[in-house]
Amino acid sequence: MRKRDFLTVTDLLREEIGQLFDLAARMKSRAYRESPLAGKTLAMIFAKSSTRTRVSFETGTFQLGGHALFLSAKDIQIGRGEPIPDTARVLSRYVNGIMIRTFDHKEVEELAQNATIPVINGLTDLSHPCQVLADLFTLHEHRKPLDEMRVAFVGDGNNVVHSWLEAATLYRFTFALACPPSYEPDAAILAECRAKGATIEITHDVDDAVHNADVVYTDVWTSMGQEKEAAARRAQFAAYQVNDQVMRHAARGAIVMHCLPAHRGEEISESVLEGPQSVVFDQAENRLHLQKALMAWLAQESGR
């Protein structure tokens, strides 16, 4: 049986994502009683610190009967220069799966290429597929038609955007990004997703992107590792805040999403984040349920 990894949204077929939604819903409602990770261990490698990724994966593994090991880059030899292929081969003999949250996406790819157990991308500078999968599940829960909606993202063309672009190749929604000049998504990813049929709009005008949007999404202006750019980014993104005025351009019944942590008063106003259109904390909760479904599914598909 070929092992399966989850490094990008498009590592899954649309039908498989539907299966994960069904399984996550059962887990969330507590109708799911099985322990597919009983006697199994997940190694969690963190080069980047986290709240939601760590707690959701660690808690989820426990709830499915397994055990999770937190491994910071300082705790293991990979932080002292041990080759990633060696780490992958050793961990494959000790544990049943690996989740890694790091900077360079190539490290995740190399880990997956050399591991004989499933590898999950918990986040890289290039993509954040677990977040977007949970976002899609949240929209599914809120009965948003994934093939008909307009998703407006206001802010940086970052790793979350890249994963949304990939999702737009599987579903027929329109993805509109409003960002300052020079903060567009990776050109290669953008071109590849458009070639696969994704409907994508890139603009520098917030109102244009948000016009009639069913979903308005934002993220921090300065991601981890970009701290030296913070002051410059605050100046560049000053006009790219999701606030009450911006939300007036969205469709009736539009919802607001943010992957957290949020900087209130920067990328999003307090009133919008805490307002009735916000599903931000539903998103955060659904990281747990969706990732539990993902781990259970990968274990079954990979015979692990």
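Residues are numbered from 1 along each chain as its sequence is written, and side-chain values use heavy atoms, with hydrogens and water left out. In this predicted model, local features need pLDDT of at least 70 and side-chain atom pairs count only at pLDDT 80 or more, while totals for chains, interfaces and linings use all residues.

Helices (H or I, at least four residues) and strands (E, at least two) are DSSP runs, numbered from the N terminus. Four strands form an open sheet in the order β2-β1-β3-β4, with parallel pairing; two strands pair if DSSP finds at least two bridges between them. β2 (67-72) and β4 are the edge strands, each pairing on one side only. On average, neighbouring strands of this sheet are turned by 20° against each other, direction ignored; axes are lines fitted to C-alpha atoms, and angles run from 0 to 180 degrees between N-to-C directions. Strand β3 (residues 97-101) runs parallel to β4 and is joined to it by four bridges. M99 stands opposite I120 in β4.

Most residues other than glycine have a negative phi, and most peptide bonds are trans.

| Residue | Phi | Place | Relative accessible area |

The peptide bond from L260 to P261 is cis, with omega near 5°. P261 lies in the loop between β9 (255-258) and α11 (270-273).
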